[in-house]
Amino acid sequence: MSEDQLNKIWELELDILIGQIPTSSCKGLPAVEHLQRGEYSSLVESSVVHDILTFSEDCAFQINVPLDFLRNIVNSYLSKHVTVNEQFEVLCAGVACMNAFIQSNWIGPEYKAPESLTALLTPVVRKCFPDDKPRHKNVTDCIQLMLSEDGEEICTSILNPELLVLAQAIFGSNLSELRTPDWWLLRSTYIQQQILDEQSPTLQEQLSRLSNRVQNFNWISNYKYLQVLSELEIARIHLHYGKIAASDKEIKKALSMLRMDINLTGALGKRTYYQNRDLAQLMISVNVDRNNGIENDCDLRKQDSIDFPKDISLNDDVRMPQVAFSNPQDGDFPALYPLEQATLLAVYVFKKKSQAKDHLQNEELMPFLNCLLSHPKVWAFQFSALHLRSRLECEHKRTIERALLQTQNLMELESNKTPITERLFLFYCSYAPPSFIVASECASMLVSTGSLQSALDLFLKLQLWDEVIACYNYLKLRHKAAEVIREQLKNGETVKLLCSLGDATDDVQCYERAWELSNHKSAQAKRHWGMFYFNKKMYKECIEHFKQSLAINSLQIAIWFRLGYATLMERRWEESATAYRRYCALEPDSFEAWNNLAKAYILLGQKHRAYNALQEAIKCNFETWQVWDNLMAVSNDCGDFEEVIHCYHRILDLKEKHIDEQILTVLTTVIVNNVKDCKGQSASVHRKKALELFGRITSKVMGNPTIWQLYAQLTSSIEEQTSITRSKAIQYYQRAYTAATQDNSWFRDYESMQNVFKLCEKLADAHLTFVKECASTNEAASSLSSAKFAIGNVIAKINQQMENVEKSEINGTINNDLMSLQKTLETVQEELAKIKSC
């Protein structure tokens with residue numbers, strides 16, 4: 001083949017990759033014309049596919065992994081068809097299968113796979129699965145098993161799985177003369193991940209390896225548009241697995257290449273019909289330098305042929321559909337090119353995934369969607385933006401009705417006239433969910449609005465048995481769930497159905513049967529088995545089941561959390577810390593997990609690690625005072641007294657009043673005694689901030705003697721004492737004395753008497769110290785008179801109490817303390833007499 005012909009094939013490959021409209025260069029190549037017209041059945045039923053699947057009859061391959069067996073069949077065909085054109089025809093067949101699968105399960109309209117494909121696949125599948133198990137007798141079940149990974153099966157409502165199986169086999173075969181098979185394999189593998197019940201470590205590893213290959217294509221540097229596209233598709237994969245830092249890196253690369261800048265800003269406006277004045281409203285500012293060397297991909301589409309999904313208007317009597325800005329231009333968003341919109345959508349999803357969820361998050365996110373919806377350019381982006389908006393709005397009572405109607409509208413796209421090729425344009429960076437996810441979210445919204453029967457009908461149609469069981473439980477018809485599942489089991493046992501039956505009947509034997517049916521390879525069976533014990537608080541029994549499930553599939557995020565909790569309850573601290581560490585690595589935004597990890601570390605005596613874990617918990621939830629309280633306690637143990645003060649202030653912000661005498665006592669002691677903090681500096685450097693903290697506490701809590709006494713001690717410890725600081729110390733001791741003696745029963749309790757005695761001693765010392773430096777005789781006399789009265793009152797109360805008690809019952813220590821206080825009173829009286837005689 002000449003170099004021109006080879007370049008032509010490569011250019012056509014790239015056109016197919018990005019969804020380019022038909023060009024004159026594809027004439028004479030029927031496969032390309034079929035693809036670009038969306039005529040996928042013509043390729044799925046083509047002679048190429050027929051020859052590949054019938055080529056296997058004389059082949060004998062070792063069967064370890066069924067999908068690899070099918071790839072070997074494709075490679076056998078390619079070994080006899082080695083030209084670039086022949087390989088290109090095979091690639092086009094794979095792309096047709098892939099696109100048809102997306103059409104069936106994502107974007108519509110309904111696609112019916114040719115019966116001839118299943119007929120051709122049947123003998124191949126039979127070679128992969130022997131007939132010794134009941135489930136292997138059903139070809140459809142076998143095809144679904146070919147897409148299973150790490151003990152996780154695909155959703156049972158997926159249509160035409162054979163299309164994805166064939167696409168995976170083709171993209172993973174030896175198409176060495178072509179440029180893009182690895183990119184298509186990346187896409188198809190990610191599609192496979194999206195239809196699994198849980199994340200798969202095996203697929204994650206494959207996707208990571210394929211991502212590196214795509215980014216390192218030596219030809220991609222010549223196509224800036226494709227560079228940006230690859231970064232966005234790979235960022236989406238990273239976000240799926242919760243790899244926030246990796247996705248941030250890819251998105252920043254895309255923004256840099258596009259010379260695009262996105263910032264949150266504000267403008268005055270009204271959100272409700274009844275607002276009298278304009279208030280600050282969040283919006284986004286998007287700036288793009290179009291001299292970035294990237295072509296305008298609007299030119300690749302026929303805009304007039306696109307029937308975008310309908311944007312349902314908000315019909316509320318209070319909230320406006322859009323913010324009415326005082327300056328109308330503030331609400332005008334720029335008309336972005338499709339690739340720029342893809343980048344904006346990626347930034348939106350990144351922000352949603354990377355930020356802790358709170359009541360402000362939706363306010364920050366909505367402007368991104370408003371920008372996308374203001375200028376529809378790409379069908380898949382319009383679909384995604386409307387769906388993502390529904391996810392936000394279903395959480396608010398004023399917008400849940402619109403969210404429900406919008407989701408129902410997205411489920412009914414059969415009448416939409418947009419060609420399939422337009423629906424697929426930039427689909428792989430659109431964040432559009434599978435149709436069964438949209439339907440299940442619609443059913444969940446119906447549950448939240450009280451339409452349980454309608455939700456139940458949807459869940460039954462989708463065969464989402466966990467949700468079916470929950471609905472029947474709400475309706476107090478739990479036995480009906482078991483009946484429905486048993487009816488399904490008549491068609492053949494599956495691990496998923498057996499586990500669901502166990503959930504519906506609380507029969508452990510169902511989980512045992514599922515485990516045996518999977519040949520001890522199903523993470524799902526062990527997951528459900530463990531959850532059975534976990535829900536009954538039988539933590540010791542559930543731990544081993546969770547561990548076995550995680551050994552098969554280590555990306556089950558929720559199971560790591562439950563394993564951490566179960567081991568925490570069983571006092572297995574090391575195992576709990578390990579489980580919570582794994583959970584936090586996969587889901588870093590859960591403050592409960594970080595908090596529990598810190599607890600495990602504390603119980604292990606690893607307080608510095610607990611301190612770091614609590615710092616992460618605070619990042620995830622800034623509004624829960626209990627987490628701040630935990631951080632304050634651990635910071636105190638670690639010697640970070642500056643953080644102790646900061647935490648205490650934050651707690652007061654959240655709950656106004658908070659008393660922790662132990663923390664405040666330690667804080668005062670280390671400052672008074674100049675103990676070194678975690679940074680090696682004297683704790684006395686924190687005295688000023690500590691005094692501010694005590695001032696704030698005592699302004700809210702005035703009747704706690706311990707707080708006033710600590711406040712006085714802290715004030716007395718100031719190195720450069722003045723008459724003002726001494727006077728304040730006396731004032732605080734006096735407040736402590738008043739608070740301690742205001743309860744008329746204080747002299748009936750031994751511990752209370754001891755505290756009052758000590759307080760009187762300190763009060764007297766403060767007065768005597770003040771008098772020594774006092775220049776005014778009258779002021780000194782007044783100070784000592786106050787001390788004399790306070791101490792004398794205490795002594796009189798104790799003596800009166802002792803007269804009513806038998807001498808044998810009087811604690812000897814009380815007599816000693818009383819005698820010591822009497823001497824202190826005499827000292828005060830002597831000093832007072834000296835002053836008066838002057």
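# Helix packing in a predicted chain

The mean pLDDT of this predicted chain is 89, and 94% of its residues reach 70 or more; pLDDT is the predictor's confidence in each residue, from 0 to 100. Residues are numbered from 1 along each chain as its sequence is written. Because the model is predicted, local features need pLDDT of at least 70 and side-chain atom pairs count only at pLDDT 80 or more, while totals for chains, interfaces and linings use all residues; side-chain values use heavy atoms, with hydrogens and water left out.

Reader: Which helix has the lowest confidence, and which the highest?

Author: Helices here are DSSP runs (H or I, at least four residues; strands are E, at least two), numbered from the N terminus. The lowest mean, 81, belongs to helix 39 (residues 812-837). The highest, at 97, is that of helix 10 (residues 181-194).

Reader: How do helix 5 and helix 9 lie relative to each other?

Author: Helix 5 (residues 66-80) and helix 9 (residues 161-171) pack at about 60°, with their axes 8 Å apart. Axes are lines fitted to C-alpha atoms, for helices over the stretch in contact, and angles run from 0 to 180 degrees between N-to-C directions. Angles under 35 degrees count as roughly parallel, over 145 as roughly antiparallel, 65 to 115 as roughly perpendicular and the rest as oblique. Helix 5 and helix 9 are therefore oblique.

Reader: Which residues of helix 9 meet helix 5?

Author: Contact means heavy atoms within 4.5 Å. From helix 5 come Leu67, Leu70, Arg71 and Val74. Their partners in helix 9 are Val165, Leu166, Gln168, Ala169 and Ile170.

Reader: What is the make-up by class of that contact between helix 5 and helix 9?

Author: Ala, Val, Leu, Ile, Met, Phe, Trp, Tyr, Cys and Pro count as nonpolar, Asp, Glu, Lys and Arg as charged, and the others, Gly among them, as polar. On that basis, the contact has seven nonpolar, one polar and one charged residues.

Reader: Is helix 22 roughly parallel or roughly antiparallel to helix 23?

Author: Helix 22 (residues 478-489) and helix 23 (residues 495-505) pack at about 160°, and their axes are 9 Å apart. That angle makes helix 22, relative to helix 23, roughly antiparallel.

Reader: What is the make-up by class of the contact between helix 37 and helix 38?

Author: Helix 37 (residues 750-772) and helix 38 (residues 777-803) pack at an angle of about 165°, with axes 9 Å apart, and are therefore roughly antiparallel. Among the residues in contact are Phe757 and Leu763 of helix 37, and Leu784 and Ile791 of helix 38. By class, the contact has 16 nonpolar, three polar and one charged residues.

Reader: Where is the proline of the cis bond from Gly108 to Pro109?

Author: The peptide bond from Gly108 to Pro109 is cis, with omega near -10°. Pro109 is found in the loop between helix 6 (84-107) and helix 7 (115-128).

Reader: What is phi of Asn160?

Author: Asn160 is found in the loop between helix 8 (139-146) and helix 9. Its phi is positive, in a residue other than glycine, with a value near 50°.
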